[in-house]
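I opened my notebook for a first visit to this protein. Come along and look things up with me.

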Amino acid sequence: MPDLDDELMERYQKGDENAFTLLVRRHQQPLVNFIARFINDRDSAEDLAQETFIRIFKAANRYKSEGAHFKTWMYHIASNLCKNELRNRGRRDRYRVDNVVNSGSDSDGDEEIDLIASTPANPAFEPEIALERKELQNAIQNAIAELPEQYRLPLVLRDLQGLSYDEISEVLELRSGTTKSRINRARLMLKEKLKPFI
């Protein structure tokens with residue numbers, strides 16, 4: 001029995017435009033989160049997520065639900081776009097100011113708070129507390145970003161996006177044992193990098 005995403009793709013292939021809109025709504029935020037963690041740039045993540053959906057839109061007629069599941073196919077496209085983005089970054093200088101932190105107050109922990117707009121009115125984000133949280137968040141993001149790509153990608157897909165080992169193996173075109181080994185190695189490397197903060 002096909003899952004909902006496969007059904008939506010089939011409906012879109014038959015001309016139901018609303019089905020594609022539903023797919024985008026279902027996966028947009030998790031996809032943006034995945035990309036942001038992989039490339040360590042929230043601003044570019046929005047653009048790359050949009051590009052992922054454009055590529056899915058253009059290739060929809062080639063999608064077959066008997067092959068990869070929709071989610072696996074989507075993350076495969078997104079991870080390839082991320083790899084291209086990281087390669088292209090070496091060719092250009094990028095500067096950004098990041099004054100946004102996750103408050104962790106909503107159920108997903110993804111509610112973003114603008115430090116400039118909320119300080120000092122919000123006592124939970126007094127300068128010292130906000131700075132500590134920001135340092136820890138930056139340390140985690142930087143530690144993930146410093147992992148070699150072959151370890152970073154499976155780690156993000158497993159621990160941050162919640163994909164199964166089999167789905168990750170399919171996305172990355174790896175054997176199951178290799179996938180598990182790389183995730184374990186990435187966790188050990190991350191733990192080592194974060195020792196000063198834990």
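**Entry 1: helices that cross**

I began with helix H2 and helix H3 (residues 42-59), whose axes come within 8 Å and cross at roughly 135°. That angle makes H2 oblique to H3, because angles under 35 degrees count as roughly parallel, over 145 as roughly antiparallel, 65 to 115 as roughly perpendicular and the rest as oblique. For my own reference, axes are lines fitted to C-alpha atoms, for helices over the stretch in contact, and the angles run from 0 to 180 degrees between N-to-C directions. H2 passes H3 in a right-handed crossing; a crossing is right-handed if the near helix is turned clockwise from the far one by less than a right angle, and left-handed if anticlockwise.

Before going on, I noted that this is a predicted model, in which local features need pLDDT of at least 70 and side-chain atom pairs count only at pLDDT 80 or more, while totals for chains, interfaces and linings use all residues. Residues are numbered from 1 along each chain as its sequence is written, and side-chain values use heavy atoms, with hydrogens and water left out.

Next I followed H2 (residues 17-39) to H7, and found that their axes come within 10 Å and cross at roughly 150°. That makes H2 roughly antiparallel to H7. The crossing of H2 past H7 is right-handed.

Then I looked at H7 (residues 149-160) from the side of helix H4 (residues 70-89): the two pack at an angle of about 140°, with their axes 12 Å apart. H4 and H7 are therefore oblique to each other. H4 also passes H7 in a right-handed crossing.

**Entry 2: the overall layout**

I stepped back to count the elements, and there are nine helices and two strands in the protein. Here helices (H or I, at least four residues) and strands (E, at least two) are DSSP runs, numbered from the N terminus. Reading from the N terminus on, I wrote down the order α-α-α-α-β-β-α-α-α-α-α.

I also checked burial: of the 198 residues of the protein, 38% count as buried. Buried means under 20% relative accessible area, exposed over 50%, and partly exposed in between (1.4 Å probe, protein chains only).

**Entry 3: salt bridges**

How many salt bridges does a search of the whole structure find? The search gives six, a salt bridge being a side-chain nitrogen of Lys or Arg within 4 Å of a carboxyl oxygen of Asp or Glu. I wrote up three of these.

The side chains of Asp5 and Arg26 meet in a salt bridge at 2.8 Å, N to O. This pair links distant parts of the chain, with Asp5 in helix H1 (residues 4-13) and Arg26 in helix H2, 21 residues apart. Is Asp5 buried or exposed? Asp5 counts as buried, at 5% relative accessibility, whereas Arg26 is partly exposed, with a relative accessible area of 40%.

Asp16 and Arg11 also join their side chains in a salt bridge, at 3.0 Å from N to O. I found Asp16 partly exposed at 25% relative accessibility, and Arg11 partly exposed at 37%.

For Asp159 and Arg187, I noted a salt bridge of 2.5 Å, N to O. Asp159 lies in helix H7 and Arg187 in helix H9, so the pair ties together parts that are 28 residues apart in sequence. Asp159 is partly exposed at 38% relative accessibility, and Arg187 is partly exposed with a relative accessible area of 33%.

**Entry 4: a nonpolar patch and some distances**

On the surface I found a nonpolar patch formed by Leu136, Ile140 and Phe197, with about 260 Å² of accessible area together. Phe197 sits in the segment after helix H9 (176-193). With a relative accessible area of 45%, Phe197 is partly exposed.

Ile140 came up again when I looked at Lys191: the two are 51 residues apart in sequence and 9.9 Å apart in space, C-alpha to C-alpha. Lys191 lies in helix H9 and counts as exposed, at 57% relative accessibility.

My last stop was Ile168, found in helix H8 (residues 165-172). Ile168 is buried, with a relative accessible area of 0%. The C-alpha atoms of Ile168 and His76 are separated by 9.0 Å, though these residues are 92 residues apart along the chain.

Methods: Patches are made of residues with over 30% relative accessible area and no salt bridge: like charges are joined within 9 Å, nonpolar side chains (Val, Leu, Ile, Met, Phe, Trp, Tyr) within 5 Å. Accessible areas come from the Shrake-Rupley method with a 1.4 Å probe; for residues, only the protein chains shown count as cover.
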